[in-house]
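The following exercises concern a single structure.

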Amino acid sequence: MFEQLVGKLPVGIAVVDAQFQVIYLNDFFLDRLPHEWRNTYKKTPVTDIFTEQGKFLKRRLKSVFVLRHPSFSYWEQRPHIFPFKSSRPITGEETQMYQNMEILPIKDKESGHTYACIFLQDVTAQASYFRAQQKLSHALKQEHEAQRKLIKKLDSAQSHLIQAEKMASTGQLAAGIAHEINNPIGFVNANLDTLSQYASHLVAICDGVETHLFEMEGELKEQIKALYNSNRYALLKDDIHELLVESQDGLTRVRDIVENLKQFSLDNKEGMQVIELKGLLEQLIKLISTQYGKPQYKLQCDAERLQVTGDPSMIKQALMNIVLNAAQAIEEKGFVKISLLEQEDTVTVKVLDSGKGIPPQLHKRIFEPFFTTKPEGQGQGLGLSVAYTAIEKHKGKITVSSKQDKGTVIDICLPKSQPDLIDET
Ligand SMILES: Nc1ncnc2c1ncn2[C@@H]1O[C@H](COP(=O)(O)OP(=O)(O)O)[C@@H](O)[C@H]1O
Ligand SMILES: [Mg+2]
């Protein structure tokens, strides 16, 4: 009865001797045995019956006989040791049986011979479930990765939109302010001119009276002298000119700011034209290098002529502001290198400087209108916001990367052509 039970077990059991010859096979093996071996399997080496994995079986059996230790083979490493068909094709895809195999050494007490008992387990169901899970988990991972990328993209698109929105509203505000300030500046400027002339006349009159004092005598002379002294004429005369010059300087600065504000609001559109970038940058470098002599300027160009379509004044202003910043970032020796690179539908202007760089915590702020780290009077903080709005209007992109004390790279990527011409200010 015991033998019958072993014979019917739903696992494969085979016993072989030290020459690997088959002593016993249970039904699991017998049912699946190739026809030609049905009656002749006994005393035949198992490795001759199952030749495909013969070498592997031989190695394992050898180690069991030599070491007297069980040997285990897991389906993931070697899925099909015996070429059996799957008895339970779950999905219909698994035609071959997945197997776990364990070989145990057993000793026959009577004869003293050692045998090896091969246990074979059909794990097709587990294997195909495991495989399906693996596939699913891989798909999930990929989906997760895709989602993460999408979220990142959305995030950057959103901050781009917020920035663009901020720029647009600030632009409108700037245009309004510029317009309002322009009028008073006009008359204050005119009045200052007249005041300067009046002041010179008054000083001339007072100086004239002062020279005539020498010819005077008596109380009148003393009275006039006292009048000059009590009003501190000498000081007034010295100061009045300086005050007027300073005021005029101040006014010029206000005028510059208003001019920049106008640029920022992109009031002065010239309309779309073809712009030749190399020539434009050469011009720019000439202009900037006369004012900022410290850096060396280099211009490198992929092709002799690289053109984009755009509003020349906007593009010029944007590039000017960026190159100017690069030049201003060089405090002692250094270089500003501008490269023009051509892509299929775009042109990238790369402005690289070896200047002081931008601290990471400020990267986000540099495009804000009126954000500046420069001393009063030197920076208005409008350069990059103007550039940003201009490039945005051309459906281009500005990206910044910078290392403190090493330098900064600003990439301006512009489409070669403008399909829907900008007109939405
Ligand atoms: N190439 C650069 N190197 C170092 N800092 C820079 C560079 N470009 C811009 N910045 C920083 O960004 C700020 C804003 O620039 P911008 O808008 O042009 O205003 P401004 O030049 O008037 O300060 C600058 O004050 C500076 O701190
Ligand atoms: Mg600037």
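**Exercise 1.** Is Arg68 buried or exposed, judged by the other C-beta atoms within 10 Å?

*Solution.* The model is predicted: local features need pLDDT of at least 70, side-chain atom pairs count only at pLDDT 80 or more, and totals for chains, interfaces and linings use all residues. Residues are numbered from 1 along each chain as its sequence is written, while chains are lettered from A and ligands numbered from 1 in the order in which they are written.

Step 1. Recall the rule: a residue is buried if 20 or more other C-beta atoms lie within 10 Å of its own, exposed if 12 or fewer, and partly exposed in between, with C-beta atoms placed from the backbone.

Step 2. Arg68 has 11 other C-beta atoms within 10 Å, so Arg68 is exposed.

Step 3. Arg68 lies in the loop between α4 (54-67) and β3 (71-73). Helices (H or I, at least four residues) and strands (E, at least two) are DSSP runs, numbered from the N terminus.

**Exercise 2.** Apply the rule to Phe20, Thr252 and Thr389, and state where each residue lies.

*Solution.* 

Step 1. Phe20 belongs to the loop between β1 (12-16) and β2 (22-25). Phe20 counts as partly exposed because it has 19 C-beta neighbours inside 10 Å.

Step 2. Thr252 sits in helix α7 (residues 233-264). Thr252 counts as exposed because it has 12 C-beta neighbours inside 10 Å.

Step 3. Thr389 is part of helix α10. Thr389 counts as buried because it has 28 C-beta neighbours inside 10 Å.

**Exercise 3.** What is the phi of Phe20, and what is the phi of Arg68?

*Solution.* 

Step 1. Begin with the general rule: most residues other than glycine have a negative phi.

Step 2. Phe20 has a positive phi near 70 degrees, and Arg68 has a positive phi near 60 degrees.

**Exercise 4.** Which residues come nearest to ligand 1, and how is the shell around it divided by class?

*Solution.* 

Step 1. A residue is near a molecule if its C-beta atom, placed from the backbone, lies within 6 Å of it. Of the 22 residues around ligand 1, Asn325, Ala329, Thr372, Gly379 and Gly383 come nearest.

Step 2. Ala, Val, Leu, Ile, Met, Phe, Trp, Tyr, Cys and Pro count as nonpolar, Asp, Glu, Lys and Arg as charged, and the others, Gly among them, as polar. The shell has seven nonpolar, twelve polar and three charged residues.

Step 3. The elements that give two or more residues to the shell are α9 and α10; the largest share, four residues, comes from α9.
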